[in-house]
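Here are some notes on the model, for reading alongside the coordinates.

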Amino acid sequence: MNLVIIDYGAGNIQSLQFALKRLGVEGMLSRDPKQIQAADRVIFPGVGQAQAAWQKLNESGLQELIPELKQPVLGICLGMQLMCQHTEEGDTPGLGIFPLEVKRFSSELKVPQIGWNKVEQLKSPLFDGLDEDYVYLVHSYYAALSEYTAATTTYGILYSASLEKDNFYGCQFHPEKSGPYGQRILKNFIEQSTAE
């Protein structure tokens with residue numbers, strides 16, 4: 001299994017690499033377009049501020065490559081948000097894979113949301129063999145419910161905990177920090193059949 005973690009300088013990916021190693025998979029860090037295109041699976045991570053991450057993505061020249069990938073691609077946290085059309089955070093454009101607007105939680109809520117939330121209404125192969133359970137989140141922005149919602153969770157409002165469209169998957173939560181449940185999600189992603 002050739003799995004590439006896109007290395008565009010946005011986020012600490014050590015815990016993700018450890019989680020993959022527990023599954024017997026080496027997550028190779030790369031920003032090389034040829035290596036990314038040749039990978040069996042691609043993970044698009046992200047931690048931090050959207051505008052800064054978008055700038056790094058642009059500097060790496062990967063913003064045009066990622067939407068064209070044909071193998072299974074998983075966006076995690078900010079990575080998922082940047083796969084959307086636009087985010088209110090820093091008025092930042094996204095990759096447009098999911099034609100969605102990422103919005104900030106209401107000022108009435110404590111942000112960022114940090115902690116464990118239950119994922120519900122599971123509709124993706126990412127959740128094969130899993131029941132509704134708790135995952136770890138840390139974020140101030142969210143993708144609203146849409147036809148691409150693959151799982152929901154609630155923090156003040158019901159929103160998308162996971163997205164899916166064709167060969168693209170997104171987790172607002174951190175599967176690599178969500179214990180055995182998150183480990184199974186990563187395993188399911190790794191075992192996805194390649195999109196035609």
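1. Where does Q172 lie? In this predicted model, Q172 is placed in the loop between strand 13 and helix 5. With a relative accessible area of 0%, Q172 is buried, because the cut-off for that class is under 20%.

2. The side chain of Q172 is joined to that of Q81 by a polar contact of 3.0 Å. Apart from neighbours within four places in sequence, the residues in contact with Q172 are C77, M80, Q81, L137, H139, Y141, Y159, S160 and A161. One of these, C77, brings us to the annotated site.

3. The UniProt record, an unreviewed entry, lists C77, H174 and E176 under "active site". These residues are spread over 100 residues of sequence, yet they cluster in space, with a largest C-alpha distance of 11.0 Å. C77 and H174 are included in the lining of the largest pocket.

4. C77 sits in the loop between strand 4 (73-76) and helix 4 (78-82). Is C77 buried or exposed? Its relative accessibility is 7%, so C77 counts as buried. Leaving out neighbours within four places in sequence, C77 has contacts with G46, V138, C171, Q172, F173 and H174.

5. Which side chain does the side chain of E176 meet in a polar contact? The partner is the side chain of H174, at 2.8 Å. Not counting residues up to four places away in sequence, E176 touches S15, L16, A19, R22, I76 and L186.

6. The largest pocket holds about 170 Å³ of space. Its lining is made up of 13 residues, of which G48, C77, V138, H139 and S140 are the closest to the centre. Helix 4 and strand 9 (133-139) each contribute at least two residues to this lining. By class, the lining comprises six nonpolar, five polar and two charged residues.

Conventions: Residues numbered from 1 in each chain as written. Predicted model: local features only at pLDDT ≥ 70, side-chain atom pairs only at ≥ 80, totals over all residues. Heavy atoms only, no water. UniProt positions renumbered as here; feature names shortened; annotations may be inferred. 1 Å grid on protein atoms, 1.4 Å probe; cavity = no way out; pocket = protein on both sides within 12 Å on 5 of 7 lines; lining within 4 Å. Helix = DSSP H or I, 4+ residues; strand = E, 2+ residues; numbered from the N terminus. Buried < 20%, exposed > 50% of the residue type's maximum accessible area, 1.4 Å probe, protein only. Contact = heavy atoms within 4.5 Å. Polar contact = N/O pair within 3.5 Å; in protein donor to acceptor, adjacent residues only side chain to side chain. Points joined across faces, edges and corners; volume = space filled by probe spheres on them. Nonpolar A, V, L, I, M, F, W, Y, C, P; charged D, E, K, R; others polar.
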